[in-house]
Amino acid sequence: MGAMSGPPCQLMAATLRTLLDDLRTAGELVEVKKSVDIRHIATLVDQAKTALLFRNVAGYQMPVLSGLIKSRDRIAIAMGCRFSECEAKLRHGLDHPLEPVMVPRGAVQEVVQTGDDLDLFALPVPLFSVYDGGPMITAGITLARDPEYGLNAGIYRFQVKERDLTGIDIVTPNNLRKFAEKAYAAGRALPISISLGTHPFELMAATYKAPIGVSELAIAGGLRGEPVLLAPCQTIDAPCIADAEIVLEAEILPVGWTKPEGRFGEFSRLMGGLHFNPQVRVKAIAMRRDAIYYALHMPWENIWVSAPIYEAALRRVLKEAGVQVTAVNVTPGGCCHWHAVIAIRKHPGDGKNAILAALSVADMKHVVIVDEDIDVFDGTEVEWAIATRVQADRDVVVTDPWRDPDDREVRGRRDDSRQRSARAVPAHHVRLCRRDHARRRARRR
Ligand SMILES: [Mn+2]
């Protein structure tokens, strides 16, 4: 990706710090000044109605920020628009990408620790669920470069294992996994930078799975209306996000998908199984002098960046299918991932075409199509429409099985498939109005 040079240490307009000011003004941030045990952070965040900034975590130097975008209102403040407008803003970013700009040095590089000074255990990384296999770094925007595909940004989690060693969860197919597989096949390590404490513009763009070869950071630039600033790392050949709070300079080791990682309480609010993943060697930790550790809270916090992404994708495929969409809600009950309620201005036959088109988006599982007079954000209205306008034998479409994120073929890797094969993968996907209890029970194990 052709990043241009710019003046040193210039600041992007919106950073994590400017967002903290905005949240404070809106009454959406509470600073906890008294000493807090790191083991209590996740529960306090679960119970809080605001984002929390823990100034004094017992045994650690660094403050912890969590729950930053754990609500519809807070993601809207971060995006600088109403929540219902986030999807349009994202689409604008997708249509007007801006390539990142390279600066010689980033604000994040005030302190750089290497060698014996480097200690991941000095970072206040909280546990989120009681059965988690270890502390997980959850908010890291991971940048990697591939000679063929260019720069990729994505969010992957890292289980802290040793002073300078983590896992990386790239068990499912994604672009970084493709880069890592290429490096592994060539027997070399893949350099990655992990930027923590960025503005949610970068989180949203990195959550968006751009087609391989398209840089998510250019989309972040489109969202911002100004380029993202990158700085070169000091120990690896990869850039990092210049305005982050902390950057881990690292490489994915060519050990294959062999190292156990997890379990982990997933965004679905269910306990995930053990994954087999590569390991990551951390070569340097760069940070601001007064760095804040951002713990993206699990489950839940990341769903609000997903919803506008899936809404944008649904609008795109439905437009292709010739269906006139008036409103889309990718619902939090479906973890902003599996369920959509879509209002359409209908012509004969549109309802079923809309269902089939919508099911092709990501991992959509149940789709409800309603007329445009129904408010898709009002669960009671949607249920009323189902009660009065749906005859199940005529209006419900149940498809044959197709790609499912839990399918062994999709999950790949032998070790993981062994894990998965013990679980029930449903023979049918009931795409409307029927819940899949067997699957839920299986996931709870
Ligand atoms: Mn990508």
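Two strands pair if DSSP finds at least two bridges between them. Strands themselves are DSSP runs of E with at least two residues, while helices are runs of H or I with at least four, and both are numbered from the N terminus. With that in hand, take β2 and strand β3 (residues 51-54): they pair in the parallel sense over four bridges. Val32 stands opposite Phe54 in β3.

A word on the model comes next. It is predicted, so local features need pLDDT of at least 70, side-chain atom pairs count only at pLDDT 80 or more, and totals for chains, interfaces and linings use all residues. Residues are numbered from 1 along each chain as its sequence is written.

Now the whole protein. It has 14 helices and 24 strands. Of its 445 residues, 45% count as buried. A residue is buried if 20 or more other C-beta atoms lie within 10 Å of its own, exposed if 12 or fewer, and partly exposed in between, with C-beta atoms placed from the backbone. Two residues are in contact if their C-beta atoms, placed from the backbone, lie within 7 Å. Take the contacts between residues at least 6 apart in sequence: 68% of them join residues at least 24 apart.

Return to β2 and β3. They belong to an open sheet of four strands, in the order β2-β3-β4-β21, with mixed pairing. β2 (29-32) and β21 (293-295) stand at the edges with a single partner strand each, so one side of each has no neighbour in the sheet. From one strand to the next, the twist averages 20 degrees. Axes are lines fitted to C-alpha atoms, for helices over the stretch in contact, and angles run from 0 to 180 degrees between N-to-C directions.

Helix α1 (residues 16-25) holds Arg24. Is Arg24 buried, exposed or partly exposed? Arg24 has 15 other C-beta atoms within 10 Å, so it is partly exposed.

Next, look at strand β20 (residues 279-287). Seven of its nine residues are buried, so this strand is mostly covered. Strand β6 (residues 111-114) runs antiparallel to β20, and four bridges join them. There, Gln113 stands opposite Ile285. Strand β11 (residues 165-167) also pairs with β20 in the antiparallel sense, over three bridges. Here Leu165 stands opposite Arg281. Strand β15 (residues 246-252) pairs with β20 in the antiparallel sense over seven bridges. Ile246 has Met287 of β20 as its bridge partner.

Helix α6 (residues 200-207) is another covered element. Seven of its eight residues are buried, so the helix is largely enclosed by the rest of the structure. Those buried residues include Phe201, Leu203 and Ala205.

A nonpolar core is a set of buried Ala, Val, Leu, Ile, Met, Phe, Trp, Tyr and Cys residues joined through C-beta atoms within 7 Å. In soluble globular proteins, nonpolar side chains tend to be buried together. The largest nonpolar core here has 134 residues, and Ala205, Tyr294, Ile342 and Ala358 touch the most other members. Which helix gives the most to this core? Helix α8 (residues 303-320) does, with 10 residues. Domain 1 (84-293) and domain 2 (302-445) both give residues to the core, so it lies between them. These bounds come from an automatic or database domain assignment.

Strand β23 (residues 339-345) and β24 pair in the parallel sense over six bridges. Ile342 stands opposite Ile369 in β24.

Two helices pack on this sheet. The buried residues of α9 are Ala354, Ile355, Ala357, Ala358 and Leu359. They pack against α8, β23 and β24. Leaving aside residues up to four places away in sequence, Ile342 touches residues including Leu314, Val325, Ala354, Ala358 and Ile369.
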